[in-house]
Amino acid sequence: MTIVYHPEKKEEAKETMVADSQIPFGAAFRNAHFAFGPRYTPLNHGSYGTIPVSVRRTHEALRAEVDAAPDPFIALDFSGRLAPQRALAAKVLKCPDVNELVFVPNATTGSDTVLKNLVWDDGDVVLCYDLVYDSLGRGVSWTEEVRGVSVHVVTLAWPLSDDELVSAMVDAARHINAQPGKRVRLAIVDTVISMPGIRVPFERLVPALQAERALVLVDGAHGIGHLDVDLGALRPDFFVTNLHKWFFVPRGCAAFYVPRRHQHLIRTTLPTSHSFKPRKPLGAGVEAEEDAARAFAAQFDFTGTDDTTAWLCVQGECAPFLYTYVLCTLHDIALSLLNLVS
């Protein structure tokens, strides 16, 4: 189902995809490509994801490689090997600048990096709706408790139309901004709300809320491999998406997008590590200047010893195959079910 990226073997990859697409979707497809237990029925891929056996073999080989020579793998080679993997994810997400896209363990880490880095002023407000993802909502609550930021939650009668959702969020932003000393500093929207599953019109919400002078964080946990995302056109202020869900990369791997115009706002990773640039360094040392965008990306390459071999498993031929076969098949199944109940 998923093809390991080998630039010199493109024809072989294409042949494998053709063969895969001829396997009937359903039990035969599951047995051919996944290692689920015989008594397990996977009904909840969206929470934790899983990987095809071909990707697992790639991951196991990488883990064996790092154990065989940890120092050169981690200290010397990892960053260089990571760069093309980030480039592949950037290509799928239509992110024009690879140094605006880094990897983090999961979407929660990415969104929390935004919350912990922003410098909050008196009168700043975080705007979200009531179905914000639980862990992100708790991160917002921490920001309220510790940083003293106000939070405005828009309570809605779900389901509702896209027009109603956009109007409700924009009206709330305008109401907050009209109050003396108040401003919406950060607005949070989803690509797909997880519980219940609701496709959010984020393509409309981002520019509409930016027009109200808000920074917009898009929680795209269900994003890459699930629906089309064009970061070059969307131009959100921050965007996170899990690759270990619908893009079939081993856990945990997520893409975190910060455009150059905002990279000065994200000064540290979580946790803060070796590449942080303090305004007042400890001691008298002066660090060499380097390209700001590359410096931003580089600090996310290594944040402390961890198993980040999953980040090297982004599959170069995976996305086209998913879009043309798996997602199309699932879309057809969903339409068939809709017709049955309508």
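Leaving aside its neighbours within four places in sequence, with which residues is Leu127 in contact? Select Leu127 to begin; contact here means heavy atoms within 4.5 Å. On that basis Leu127 touches His152, Val154, Met169, Ala172, Ala173, Ile176, Val184, Leu186, Ala187, Ile188 and Leu209, its neighbours within four places being left aside.

The model in the viewer is predicted: local features need pLDDT of at least 70, side-chain atom pairs count only at pLDDT 80 or more, and totals for chains, interfaces and linings use all residues. Residues are numbered from 1 along each chain as its sequence is written, and side-chain values use heavy atoms, with hydrogens and water left out.

**The cores**

Next, select Leu101, Phe103, Leu127, Tyr129, Leu209 and Leu243, the residues with the most contacts inside the largest nonpolar core, which has 59 residues. Such a core is a set of buried Ala, Val, Leu, Ile, Met, Phe, Trp, Tyr and Cys residues joined through side-chain atoms within 4.5 Å. Buried means under 20% relative accessible area, exposed over 50%, and partly exposed in between (1.4 Å probe, protein chains only). A second, separate core of 28 residues includes Trp120, Val140, Leu217 and Phe300.

**Salt bridges**

The whole structure contains 14 salt bridges, each a side-chain nitrogen of Lys or Arg within 4 Å of a carboxyl oxygen of Asp or Glu. Helices (H or I, at least four residues) and strands (E, at least two) are DSSP runs, numbered from the N terminus.

Select Asp228 and Lys94, whose side chains form a salt bridge at 2.9 Å, N to O. Asp228 is in the loop between strand 7 (215-219) and helix 10 (231-234), and Lys94 in the loop between helix 5 (70-92) and strand 1 (101-104), so the bridge ties together parts 134 residues apart in sequence. Asp228 is partly exposed at 47% relative accessibility, as is Lys94 at 37%.

Move to Asp97 and Arg260, which meet in a salt bridge of 2.4 Å, N to O. Asp97 lies in the loop between helix 5 and strand 1, and Arg260 in the loop between strand 9 (254-257) and helix 11 (292-301), 163 residues apart. Asp97 is buried at 17% relative accessible area, whereas Arg260 is partly exposed at 41%.

Then select Asp124 and Arg183, where the closest N and O atoms of the salt bridge are 2.6 Å apart. Asp124 belongs to strand 2 (residues 124-129) and Arg183 to strand 4 (residues 183-190), so this pair ties together parts 59 residues apart in sequence. Asp124 is buried, with a relative accessible area of 2%; Arg183 is partly exposed, with 34%.

**Helix 6**

Select residues 107-117, helix 6. This helix is largely enclosed by the rest of the structure, because 9 of its 11 residues are buried. The buried residues are Ala107, Thr109, Gly110, Ser111, Asp112, Thr113, Val114, Leu115 and Asn117. Helix 6 also supplies at least two residues of the lining of the second largest pocket, as do helix 3 (45-48), helix 7 (134-147), strand 5 (192-193) and strand 6 (198-199).

**A last stop**

Finally, select Thr308, in the loop between helix 11 and helix 12 (318-341). Thr308 counts as buried, at 17% relative accessibility. The C-alpha atoms of Thr308 and Cys253 are separated by 8.1 Å, although the two residues are 55 apart along the chain.
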